[in-house]
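Welcome, and thanks for taking a look at this one.

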Amino acid sequence: MNSVKKLVSKMANAVGSSKVDLTRPFTVIVEGNIGSGKTTFLNHFNKYDNVAMFAEPIEMWRNCNGYNLLDLMYKDTAKWSFTFQSYVQLTMLRQHTYKTSHPVKLMERSIYSARYCFVEKMARDGLMPTPSVAVIDKWFKYITENEDVGVDLIVYLRTFPEVVYERILKRNRSEERTVPFEYIKALHVMHEDWLYNKKTHSCPAPVIVLDANLDKSVIEEEYEKYEPHILNKLPLQAQLF
Ligand SMILES: Nc1ncnc2c1ncn2[C@@H]1O[C@H](COP(=O)(O)OP(=O)(O)OP(=O)(O)O)[C@@H](O)[C@H]1O
Ligand SMILES: Nc1nc(=O)c2ncn([C@H]3C[C@H](O)[C@@H](CO)O3)c2[nH]1
């Protein structure tokens, strides 16, 4: 173990927990169905200078050496699922490990929802061949065991599928025009089982659940309730929900 890691480990032990990693900022991931308001939620925190914001790298997915992988994935999921998810996992790894001097890092989605919600859904639907799922999963396990992709808090923007589907139609993102309501309902279940019912995969951090069905005109108050938690103004223990 090199000297820096020894020092960090000593400092971590000094604060009473070997789990506290002093080299990584307080990392918050914002999770939720398509259209649940994650981008809107991040924009609410734009006013804080000490928060490093990482929007979902959708523009990278739309232009990988000129290829719109997001569009390819939606147009022919079986053919492009592995290609797309491999790139999602790489772009998320980059964001998780991106060094910042800011004390707080706020990320839209994560390597965890890519694996536990989207890849899982594709696997269940037979839209990603099992050998491909195995390779994605090997990468995921190697990354989570060897890279610092730790998370300190998860914000789950919980919505009804009907609510987000209306928002998706209204926003009218070109790649999403063929997304059926059934898919949105299924993605809702994947998020619920992971973050609310805690039935499937482990949660890498405590989860705060917000009612993201609230309309834009009132939802800022809902966001403000959790600012102290997200800005790490409360000891972690106080945040356990
Ligand atoms: N609370 C809200 N009430 C009504 N409309 C909302 C609300 N939050 C977001 N919207 C609208 O719904 C659409 C999706 O919002 P937003 O892009 O923030 O969601 P998202 O979770 O980031 O979506 P995606 O998963 O596709 O990135 C946008 O048109 C946005 O203006
Ligand atoms: N298949 C798949 N796997 C992912 O890991 C993933 N992450 C996001 N998305 C889709 C949802 C929105 O359309 C759009 C913006 O969130 O990108 C994903 N789709």
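Which residues come nearest to ligand 1? Lys38, Thr39, Thr40, Arg171 and Lys216 do, out of the 19 residues around ligand 1. Please keep in mind as you read that this is a predicted model.

**Ligand 1**

Let us start with the polar side chains. Thr39 places a polar side-chain atom 2.7 Å from an oxygen atom of ligand 1. For Arg173, an N or O atom of the side chain is 2.8 Å from a ligand oxygen, and for Lys216 the corresponding distance to an oxygen atom of ligand 1 is 2.6 Å. Taken alone, ligand 1 exposes 620 Å², and the protein buries 85% of that.

Where does the shell come from? Helix H2 (38–44), helix H8 (161–171) and helix H10 (216–225) each supply at least two of the residues around ligand 1. H2 gives the most, with three residues. By class, this shell divides into 10 charged, six polar and three nonpolar residues. As for its site, ligand 1 sits in the second largest pocket.

**Ligand 2**

Now for the other ligand. There are 16 residues surrounding ligand 2, and the closest are Glu56, Tyr74, Gln85, Arg109 and Glu176. Among these, Gln85 has a polar side-chain atom 2.5 Å from a nitrogen atom of ligand 2. Arg109 brings a polar side-chain atom to 2.8 Å from an oxygen atom of the ligand, and Glu176 has a polar side-chain atom 2.6 Å from an oxygen atom of ligand 2. On its own, ligand 2 has 410 Å² of accessible area, of which the protein covers 98%.

Ligand 2, too, sits in the second largest pocket. Helix H3 (58–62), helix H4 (69–75), helix H5 (77–97) and helix H6 (111–124) are the elements that give two or more residues to its shell. That shell has 11 nonpolar, four charged and one polar residue by class.

**Side-chain distances to the ligands**

| Residue | Ligand and atom | Distance |
|---|---|---|
| Thr39 | ligand 1, oxygen | 2.7 Å |
| Arg173 | ligand 1, oxygen | 2.8 Å |
| Lys216 | ligand 1, oxygen | 2.6 Å |
| Gln85 | ligand 2, nitrogen | 2.5 Å |
| Arg109 | ligand 2, oxygen | 2.8 Å |
| Glu176 | ligand 2, oxygen | 2.6 Å |

Terms used
Residues are numbered from 1 along each chain as its sequence is written. Chains are lettered from A and ligands numbered from 1 in the order in which they are written. This is a predicted model: local features need pLDDT of at least 70, side-chain atom pairs count only at pLDDT 80 or more; totals for chains, interfaces and linings use all residues. Side-chain values use heavy atoms; hydrogens and water are left out. A residue is near a molecule or strand if one of its heavy atoms lies within 4 Å of it. A polar contact is a pair of N or O atoms within 3.5 Å; within protein, one must be able to donate a hydrogen and the other to accept it, and residues adjacent in sequence count only if both atoms are side-chain atoms. Accessible areas come from the Shrake-Rupley method with a 1.4 Å probe; for residues, only the protein chains shown count as cover. On a 1 Å grid over the protein atoms alone, a cavity is a set of points where a 1.4 Å probe fits but cannot get out, and a pocket is an open set with protein on both sides within 12 Å along at least five of seven lines; lining residues have an atom within 4 Å of a point. A molecule sits in a cavity or pocket if more than half of its atoms lie within 2 Å of its grid points. Helices (H or I, at least four residues) and strands (E, at least two) are DSSP runs, numbered from the N terminus. Ala, Val, Leu, Ile, Met, Phe, Trp, Tyr, Cys and Pro count as nonpolar, Asp, Glu, Lys and Arg as charged, and the others, Gly among them, as polar.
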